[in-house]
Amino acid sequence: MESPSEIADVPVRKPARHGFLPIVTNWFDRLFIGIYLFVALELFWMRFLEQSIPLAVCHVLAIALGVLIVWKG
Amino acid sequence: MGSNRTGWLMLAPTLLILGVFGIVPFFYVLYLSFHQWNPFAANPNMIFIGANNFRRLVFDGEFLTSLWFTLKFAFFAVVSEIIIGYMLAQMLTRDFYGKGFFRTIHTLPLIVAPIVVGSVWRLMTTPSIGIIPYYLNKWFGYQLNIGSDATAAFIITVIMDIWHWTPLVTLTLLAAIVSLPKDPFEQAQIDGANRWQIFWHITLPMIRPAILATVFIRLMDALRTVDEVWMLTGGGPGAATRFVGLHIWKIVFPKTDYGYGSAISIIVLYLTLVMCWLLYVGLVAPRVRRSKVNADA
């Protein structure tokens with residue numbers, strides 16, 4: 001019979017997570033990828049699109065993309 | 001609880017040093033990158049200008065050119081160093097006459113300061129007194145002049161970097177190769193695998209983490225090369241070897257434009273991280289296994 005302390009020491013294995021990214025990630029990895037893409041999108045927008053579409057649109061899109069990656073990636 | 005506290009106390013000096021010399025300067029540079037700040041101007045105050053420094057750099061032809069040259073330099077230097085370093089490491093796993101002497105001589109460039117490497121190579125490549133232009137002219141009739149030939153200047157900077165840093169690659173790959181278990185190689189030889197198959201299917205996958213770590217170190221170094229190139233060419237002729245580190249130096253010190261220099265530094269750090277992360281994902285990151293069972297679930 002195992003004591004409660006021995007049971008508590010057994011690591012709990014979480015079920016494997018299946019996001020749309022092709023690599024195994026934790027939430028920090030996905031936050032990192034989100035920030036990478038946020039910066040890349042902002043620079044691209046400033047270089048090529050800002051003359052016709054305001055940068056605020058880019059902020060919204062980049063944040064939405066970041067949230068999507070952290071949540072579902 | 002007690003051991004936890006002891007652990008944190010033992011980590012504290014390292015965390016303190018990392019914080020003071022790594023994290024605080026990073027956030028300070030990030031803060032500066034959103035400001036216009038010239039401490040030697042008539043108005044030495046910092047003025048918040050939002051993303052204007054970043055807006056400026058995506059249109060800055062000089063910066064984009066220097067970035068392109070830096071990426072080319074890093075690619076040619078790192079790839080050459082990995083290939084030559086691997087071949088030398090393989091050679092050093094075998095016994096040959098003068099091996100100890102060769103290993104010592106071969107490792108010597110590592111202990112020379114980059115600024116000295118740059119000045120020595122400048123002496124060796126100066127047309128009137130340098131040994132390299134002398135023999136290139138004597139043997140091939142080629143007049144090497146890195147003061148006027150942009151391509152030659154670029155190639156010489158790459159060769160200098162290879163000369164300086166290949167021993168580091170050799171040592172790390174040698175350590176990885178000699179620590180490999182013997183069994184898989186013996187079994188492959190018994191099964192009739194040739195040398196190429198052994199290299200491609202056994203050696204390379206087993207030393208992949210060591211290669212990746214070496215590429216990370218060399219890539220980060222190559223992307224921020226300043227002193228060697230500054231001594232060798234001064235960024236010239238024209239802007240042919242004005243790599244991004246030199247460009248930042250020229251923005252920050254002679255022009256004292258700290259805000260814009262900080263913005264460029266942040267973008268270079270960003271690009272370095274992106275490249276290292278892509279290499280990590282491409283070479284060693286664990287892939288998600290999407291089996292039929294999982295797809296149905």
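Q: Over residues 7–31 of chain B, what percentage of the chain is helix, and how far apart are the end C-alpha atoms?
A: In this predicted model, residues 7–31 of chain B form one of the spans that an unreviewed UniProt entry lists as "transmembrane region". Strand accounts for 0% of the span. The chain there is 100% helix, and the end C-alpha atoms are 33 Å apart.

Q: How far apart do the end C-alpha atoms of residues 198–220 of chain B lie?
A: The unreviewed UniProt entry also lists residues 198–220 of chain B as "transmembrane region". This span is 100% helix and 0% strand. Its end C-alpha atoms lie at a separation of 31 Å.

Q: Why is helix α11 of chain B largely enclosed by the rest of the structure?
A: Helix α11 of chain B covers residues 244–252. A residue counts as buried under 20% relative accessible area. Among the buried residues of α11(B) are Val244(B), His247(B) and Lys250(B). The helix is largely enclosed because the buried residues number eight of the nine.

Q: What covers the buried residues of α11(B)?
A: The buried residues of α11(B) include Leu246(B), Ile248(B) and Ile251(B). Their cover comes from elements of chain B, including α3 (61–92), α9 (195–223), α10 (227–232) and α12 (258–283).

Q: What percentage of the accessible surface of chain B belongs to carbon and sulfur atoms?
A: Chain B has 297 residues, of which 38% count as buried. Its accessible surface comes to about 17,300 Å². The share belonging to carbon and sulfur atoms is 69%.

Definitions and conventions:
Residues numbered from 1 in each chain as written. Chains lettered and ligands numbered in written order. Predicted model: local features only at pLDDT ≥ 70, side-chain atom pairs only at ≥ 80, totals over all residues. Heavy atoms only, no water. UniProt positions renumbered as here; feature names shortened; annotations may be inferred. Helix = DSSP H or I, 4+ residues; strand = E, 2+ residues; numbered from the N terminus. Buried < 20%, exposed > 50% of the residue type's maximum accessible area, 1.4 Å probe, protein only. Contact = heavy atoms within 4.5 Å. Areas by Shrake-Rupley, 256 points an atom, 1.4 Å probe, with all protein chains shown as cover.
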